[in-house]
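I opened a notebook for this structure. These are the things I looked up, in order.

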Amino acid sequence: MKPVMETDIQYLPGVGPRRAALLRNELEVATIGDLVRLYPFRYIDRSTVQRIADLHPDQAYVQVVGTVQKARLFAKNGAELPPDKVKYNLANRLSVIIADDSGEMEVVFFKGIKWMHPRLAPGSTFLFFGKPTAFNGRINMVHPEFDAPEAAAAGVLTGIYPSTEKLKSGGITGKVMVKLVSSALEMVLPKLEETLPEYILREKGLVPLSFAYRQIHFPTDQNALAKATYRLKFEELFFLQLSLLKQKYVRSRNAVGLAMPRVGDAFNRCYKALPYDLTNAQKRVIKEIRDDLKGGHQMNRLLQGDVGSGKTMVAVLSSLIAVGNGYQACLMAPTEVLAHQHFANVSKYLAPTGVKAALLTGSTGAAARREIHAGLKDGSIGILIGTHALIEDTVVFKSLGLAVVDEQHRFGVDQRAKLWAKGAGGVAPHVLVMTATPIPRTLAMTLYGDLDVSVIDEMPPGRKPVQTLCVGENKRHAMYNFIADEIAKGRQAFIVYPLIFESEKVDYRNLELGYEEVIKRFPEPQYHVAILHGQQTAEQKAFHMDAFVAGRANILVSTTVIEVGVDVPNASVMVIESAERFGLSQLHQLRGRVGRGAERSYCILMKGYKVSKESQKRLDLMCATENGFEIAEEDMKMRGPGDLEGTQQSGLPISLNIASLARDGLILSDARTYAAHILEQDPTLEKPGNAVLAAELRKDRYVRKDYSQIS
Ligand code: ADP
Ligand code: MG
């Protein structure tokens, strides 16, 4: 027989097949256990009764005690139906005026009118429970629950469960949910087994699981609720981390890697010729990579470093270790522009080493392509730089040992397979993925919980902070004048727009109009303005980009195509038009384009007339800090982890019921420490003492299957 928690929800008394389908479709509740773990998303203090006069639309759910003054029925066309001969089939809306000592308000029902109307008779008094809303300048409540006035003091805290219109019209109201949860608990709790080891409960002072389940649904007081919440959050994050870390252990045990015991001459020659000292962070990361490459296990490492932190150098030196051990390396960039730029930079660094690099992109001509293919096969090309073109089937290496992927989060399964198949002797190459999107620590531990993560948390010396300001349209002329001043000093400026062409719907500054305005203000021959957007051909892009990189163009007007990786140290101004349109991470990435040289740099956020509170908060934060990790943390708090850049492409690997990556960072690292400790002693969870943990992990609730590898 199945354990109670895994029993199909339809067998819970009061459910049955029809309601089961609703619960499954609307709330993803398929088993009794799912219902037990469907926690209230909010609690209401139902001992408090508000005065009608004090209600306002910003309030969440409240309750008032009101006496019915009038109950009127209206037809669809708005006409009142005669009260003497009630025809419910014509009634579209039931409007009830209720009153307490402080005032009157309307409560409205659109459904279940036939049932409600006779009960809400004038003169009768009820406890109404609902959300105040503003309608025609007055407060009303739509579809409140109502009950005898004595119900007010019944429970101190009442949980509110997620609900949908379909659930309600299918008869699963808030009250019904409470009953179902209550009977689920009755079935589950007597036989419930503890899922966490005794010593963790003791050390962390966690309440038993059965107490936690009961209190999370029906708390006796705030304190008990807090304990239950903490216990359930800990458990959720603990198993999540246990699962991720276990995958990591298994992978690192199984993944055979190409051994690269030497550092090699090429590395040393390049290192000695560097025009600057590496930062300590760069040195540390290179050592981490070096240790991985020696080891004989395949490296799967994520390198996080803010824009301008010097990741390219790390990629070059790592590639040279591969070359020094007789292997080849490839460096894959997300765009053609970036691939070109990498090629130019890397070639400079390679000059003293004699190692040959080649550039392969979608627009590489047939003849050049043939030559590259030959050079890869005979091993004369040591480092291949390019776009996705380099994982095509026709690209065959003599002995690929390391693949570096810049600015890209995760590959699809196919691409990953293709890349892995290119490794020397059929062994998967080592993989280093570099990202400039700072990911909050808690998210990195989860999203990349199964990977090794290196962080460059230090900028090269001599960088001046980018001064950021946010201004409105009234400062547009001043902004252009400011750009002119900077150009007069020999600097360059970026102007970035959210859209290419004018959109009728949204009033964002767009590239086409913007460009015209800019060339009017900055005319030839005194000035030269380059333009870059996604609808240009590769040649057009390269032409305009080169003009800006080489300093021939004073201004680059563009969409966000320049977002990633572009390096023009002489650019000192970044203007972002309709800045309210952009997310925090994007603004941060864009700002990172300037401040790369020795000069003082500026980021000007141009905002429109109408900016929401949320957007203003983002803009304020941008003006307040330059720390990418801080910005990412805030971004996650504002938008939730699911919307962050880097998680959008593939979604979060997990679904959390109660814990929040944005708020529960401390619990998360605590839980991770315990999980790591357990796995260090028993990586496969085979010891009898860990049987409960292994069983819990087998339930597969915690991590999405296809998410265990980065490449
Ligand atoms: P990102 O991490 O954004 O890819 P880059 O690798 O493009 O950063 O480096 C940004 C700039 O900093 C480049 O011009 C590079 O030459 C320079 N740079 C990198 N490391 C150092 C260092 N240790 N000291 C000084 N400048 C450095
Ligand atoms: Mg870069």
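I began with a definition: a polar contact is a pair of N or O atoms within 3.5 Å; within protein, one must be able to donate a hydrogen and the other to accept it, and residues adjacent in sequence count only if both atoms are side-chain atoms. I noted that this is a predicted model, where local features need pLDDT of at least 70, side-chain atom pairs count only at pLDDT 80 or more, and totals for chains, interfaces and linings use all residues. Residues are numbered from 1 along each chain as its sequence is written, chains are lettered from A and ligands numbered from 1 in the order in which they are written, and side-chain values use heavy atoms, with hydrogens and water left out.

**Entry: ligand 1**

I looked up the surroundings of ligand 1 and found 16 residues, counting a residue as near if one of its heavy atoms lies within 4 Å. Among the closest are Asp277, Gly308 and Lys311. A polar side-chain atom of Lys311 sits 2.7 Å from an oxygen atom of ligand 1. Gly308 brings a polar backbone atom to 2.6 Å from a ligand oxygen atom. For Asp277, a backbone N or O atom is 2.8 Å from a nitrogen atom of ligand 1. I then checked cover: the protein hides 84% of the 560 Å² of accessible area that ligand 1 has on its own (Shrake-Rupley method, 1.4 Å probe).

**Entry: strand β22**

Next I turned to β22, residues 601-606. Helices (H or I, at least four residues) and strands (E, at least two) are DSSP runs, numbered from the N terminus. How many residues of β22 are buried? I counted 6 of 6, where buried means under 20% relative accessible area, exposed over 50%, and partly exposed in between (1.4 Å probe, protein chains only). Ser601, Cys603 and Leu605 point one way, and Tyr602, Ile604 and Met606 the other. In a regular strand the side chains alternate between the two faces of the sheet.

I checked its partners; two strands pair if DSSP finds at least two bridges between them. β17 runs parallel to β22, with 6 bridges, and Cys470 stands opposite Leu605. β21 is also parallel to β22, over 4 bridges, and Val575 faces Ile604.

**Entry: helix α19**

I found 7 of the 8 residues of α19 buried, including Leu584, Leu587 and Arg591. Its buried residues pack against several elements, among them β17, β21 and β22 (contact means heavy atoms within 4.5 Å).

**Entry: Arg51**

Last, I placed Arg51 in the loop between β1 and β2. Why does Arg51 count as partly exposed? Its relative accessibility is 47%. Arg51 touches Asp100 and Ser102, leaving out residues up to four places away in sequence.
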